[in-house]
Amino acid sequence: MLAFMYLSPSDLDKILQQKTPSMKTIRSSPMGLLRGVKKDFQEHLLQYLLASAFLLGVLGGTLLVEYCSPETMAILQSLLGTYIEERQLMSFTQIMVATFFSFASSLLLLFLCGFCTIAQLLILLVLLVKGLGYGFSVGTLYQQYGTQGIFYVLLLIFPIMILGTLLLIWAGKSSLKLSLSLLKTTWSSGEGDRQKIQNYCIRYLFFLVFCLLVAILDGILYISFSGFALARLQ
């Protein structure tokens, strides 16, 4: 007891560090890892839901192409062929504008859904339908051109699909959070909700800028690689 009284503060800190397990040790334990995974899942639950909706749409679109009737398949191939031919005639600006409005229309719908207290399923539906469209396109390309369509997908569809989907997931998360927040509270609850709505609108301005960058990238990719990708489809 007397020896303990003569310990300096630095000596006490060393003793406490020896007795208390470090955060690194806790995280490296199985229970610590499980808690970390659980916390990560809870923090990113909305992103996982939106990404799952998109992937489910891609899977559904691909399966529908696989099991649709020959008549329906012929219509899909005709529509896709017309789309590819039309893009060949488009300028860089026209491709950019078409891609921008394709994603901007989804952003607008998500933005409006954020102000609705019961639009959570509709927000997920936006990602599902977008995935369905990509699934149809990729599945039809594969049905019509086989492995030769892979180059078209990898060079002209896949990069824009990834970036556009990330954009819609971020936007969908913001819309879901505001919609759920408004579901719990009312418009008259005070300054807190007004601040949330203001931040929500600012985030969507950034999303719109990102949408424009994705559209510009789509135009650049098509102008740069469409010749090579289309040659592979012949």
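The chat below walks through a predicted model of one chain, from its overall layout to single residues.

Trainee: Before we start, what kind of model is this, and how are its residues numbered?
Mentor: It is a predicted model, in which local features need pLDDT of at least 70, side-chain atom pairs count only at pLDDT 80 or more, and totals for chains, interfaces and linings use all residues. Residues are numbered from 1 along each chain as its sequence is written, and side-chain values use heavy atoms, with hydrogens and water left out.

Trainee: How many helices and strands does the chain have?
Mentor: There are 10 helices and 0 strands, where helices (H or I, at least four residues) and strands (E, at least two) are DSSP runs numbered from the N terminus. Read from that end, the elements run α-α-α-α-α-α-α-α-α-α.

Trainee: And what share of the residues is buried?
Mentor: Of the 234 residues in the chain, 32% are buried, a word that stands for under 20% relative accessible area, with exposed being over 50% and partly exposed in between (1.4 Å probe, protein chains only). The accessible surface of the chain comes to about 14600 Å², and 70% of that belongs to carbon and sulfur atoms; these areas come from the Shrake-Rupley method with a 1.4 Å probe, and for residues only the protein chains shown count as cover.

Trainee: Which residues touch the most others in the largest nonpolar core?
Mentor: That core has 45 residues, and Leu 107 and Tyr 152 touch the most other members. A nonpolar core here is a set of buried Ala, Val, Leu, Ile, Met, Phe, Trp, Tyr and Cys residues joined through side-chain atoms within 4.5 Å. The elements that give two or more residues to this core are helix H5 (45-67), helix H6 (70-89), helix H7 (92-113), helix H8 (120-145), H9 and helix H10 (191-233), and the largest share, 13 residues, comes from H9.

Trainee: What does Tyr 152 touch, then?
Mentor: Not counting residues up to four places away in sequence, Tyr 152 touches Ile 84, Arg 87, Leu 141, Ile 157, Tyr 222, Ala 229, Leu 230 and Leu 233, with contact meaning heavy atoms within 4.5 Å.

Trainee: Arg 87 is on that list, so which residue does Arg 87 meet in a salt bridge?
Mentor: The side chains of Arg 87 and Asp 218 meet in a salt bridge (3.4 Å, N to O), the rule being a side-chain nitrogen of Lys or Arg within 4 Å of a carboxyl oxygen of Asp or Glu. The pair links distant parts of the chain, with Arg 87 in helix H6 and Asp 218 in helix H10, 131 residues apart. By this rule the count comes to 1 salt bridge.

Trainee: Are those two buried or exposed?
Mentor: Arg 87 counts as buried because its relative accessibility is 6%, and Asp 218 is buried too, with a relative accessible area of 5%.

Trainee: Switching to H7, what span should its 22 residues have?
Mentor: At 1.5 Å a residue they should span 32 Å, and the end C-alpha atoms of H7 are 32 Å apart, which agrees; the expected span is 1.5 Å times one less than the number of residues. The buried residues of H7 include Phe 100, Phe 103 and Leu 107.

Trainee: And which residues of H5 are buried?
Mentor: They are Leu 46, Gln 47, Leu 50, Ala 53, Phe 54, Gly 57, Gly 61 and Val 65. Gln 47 has a relative accessible area of 17% and is therefore buried, and, not counting residues up to four places away in sequence, Gln 47 touches Ile 169 and Lys 173.

Trainee: Where is Thr 165, and what is it in contact with?
Mentor: Thr 165 is in helix H9 (residues 149-184) and is buried at a relative accessible area of 9%. Leaving aside its neighbours within four places in sequence, Thr 165 is in contact with Phe 54 and Ile 160.

Trainee: What about Leu 166, buried or partly exposed?
Mentor: Leu 166, also found in helix H9, is partly exposed, with a relative accessible area of 35%. Leu 166 and Ala 51 are 115 residues apart in sequence and 8.5 Å apart in space, C-alpha to C-alpha.

Trainee: Which residues make the nonpolar surface patch with Leu 166?
Mentor: The patch, of about 520 Å², is made by Ile 150, Leu 154, Phe 158, Ile 162, Leu 166 and Trp 170. Patches are made of residues with over 30% relative accessible area and no salt bridge, where like charges are joined within 9 Å and nonpolar side chains (Val, Leu, Ile, Met, Phe, Trp, Tyr) within 5 Å.
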